[in-house]
Amino acid sequence: LTTASHLEEKARAMRRLFDEGKLRKNDFADFMTTAENACALLMSNSNRAANLIQSFKQVAVDRTSEERRRFDLRLYIDEVLMSLGPKLKRTPFVVDVNCPENLEVDTYPGPLAQVLTNLVMNSVIHGLEGHSGGRMVIAVSPPDSQNMITLHYSDNGKGIPAKHLKRIFEPFFTTRRGQGGSGLGLNIVYNIVTQTLKGSLKAESEPGKGAVFTLRFPVSVEQDSGPVPPAHEQTGTTKNKKSAGPQPVSA
């Protein structure tokens, strides 16, 4: 907008010189330089805005569909974080991403976006609440010998007490009852990872040292079947399964 208004101002000045018959060759040359630079800036910023809007549209479409497709994991994580930009800008927190370039996966982008969104907002609302600063990290490892991807999500917040760690994936469990907490955020994350993405999820935390969520899911998800997460890889699951105990970890 600043560039466009500057170009408009220069164009009006040129029009006055032309109408008054005072236009000189140097004036025209200066205007051409200004116009070329302004156009270059306008094109660059317009392309950036268009790409941003396209990212928002793609994430929005993915979140309202269960369509499976191939996509670049690093680029998609960046797109999800861009869609959370307005919420994160109102906080003193930052998100770092460490993911290999050109890592393509064949899975469900919408549910994955929901998982990342819920984890980030869980950190903002719970883990980092009251902190003057904080950091969230999304670290992705290349596929292993079983063609499984490991995604570590961590924050350096207040951590999770041991008595709560065993229950965080249970539906309706919340420490903010009466303050807007539904207790469904992490339960939704768990169900998406284990049922839709055919992966596994575990949580580790120690009070005062943040929390770490480890997601493992296949590079290419099977539509009708997939690995069932073993009990020892789950933390705070449903009552008929044993949950893993808390393990000290530094985020």
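Are Phe 71 and Tyr 76 buried or exposed? Phe 71 is buried, and Tyr 76 is buried as well, where buried stands for under 20% relative accessible area, exposed for over 50% and partly exposed for what lies in between (1.4 Å probe, protein chains only).

The model is predicted: local features need pLDDT of at least 70, side-chain atom pairs count only at pLDDT 80 or more, and totals for chains, interfaces and linings use all residues. Residues are numbered from 1 along each chain as its sequence is written, and side-chain values use heavy atoms, with hydrogens and water left out.

**Overall fold**

The protein chain has seven helices and seven strands, taken as DSSP runs numbered from the N terminus (helices: H or I, at least four residues; strands: E, at least two). Read from the N terminus, the order of elements is α-α-β-α-α-β-β-α-β-β-α-α-β-β. Of the 251 residues, 40% count as buried. Among contacts (heavy atoms within 4.5 Å) with a separation of 6 or more, 70% come from residues 24 or more positions apart.

**Aromatic pairs**

A search of the whole structure finds three aromatic pairs. Rings of Phe, Tyr and Trp (its six-membered ring) pair if their centres lie within 6.5 Å; planes under 30 degrees apart are stacked, over 60 edge-to-face, and the rest tilted. Two of these pairs are tabulated below.

| Pair | Centre to centre | Angle of planes | Class |
|---|---|---|---|
| Phe 71 and Tyr 76 | 5.0 Å | 50° | tilted |
| Phe 169 and Phe 213 | 6.3 Å | 65° | edge-to-face |

The pair of Phe 169 and Phe 213 links distant parts of the chain, 44 residues apart. Phe 169 lies in the loop between α6 (162-165) and α7 (185-196), and Phe 213 in strand β7 (residues 211-218). Phe 169 counts as buried because its relative accessibility is 2%. Phe 213 is likewise buried, with a relative accessible area of 2%. Ring pairs join Phe 169, Tyr 190 and Phe 213 into a cluster.

**Surface**

The protein chain exposes about 14200 Å², of which carbon and sulfur atoms supply 52%; accessible areas come from the Shrake-Rupley method with a 1.4 Å probe, and for residues only the protein chains shown count as cover. Phe 18, Leu 23, Phe 28 and Met 32 make a nonpolar surface patch of about 370 Å². Phe 18 is placed in helix α1 (residues 2-19) and is exposed, with a relative accessible area of 52%.

Notes. Patch = residues over 30% accessible without salt bridge, like charges linked within 9 Å, V, L, I, M, F, W, Y side chains within 5 Å. Salt bridge = Lys/Arg side-chain N within 4 Å of Asp/Glu carboxyl O.
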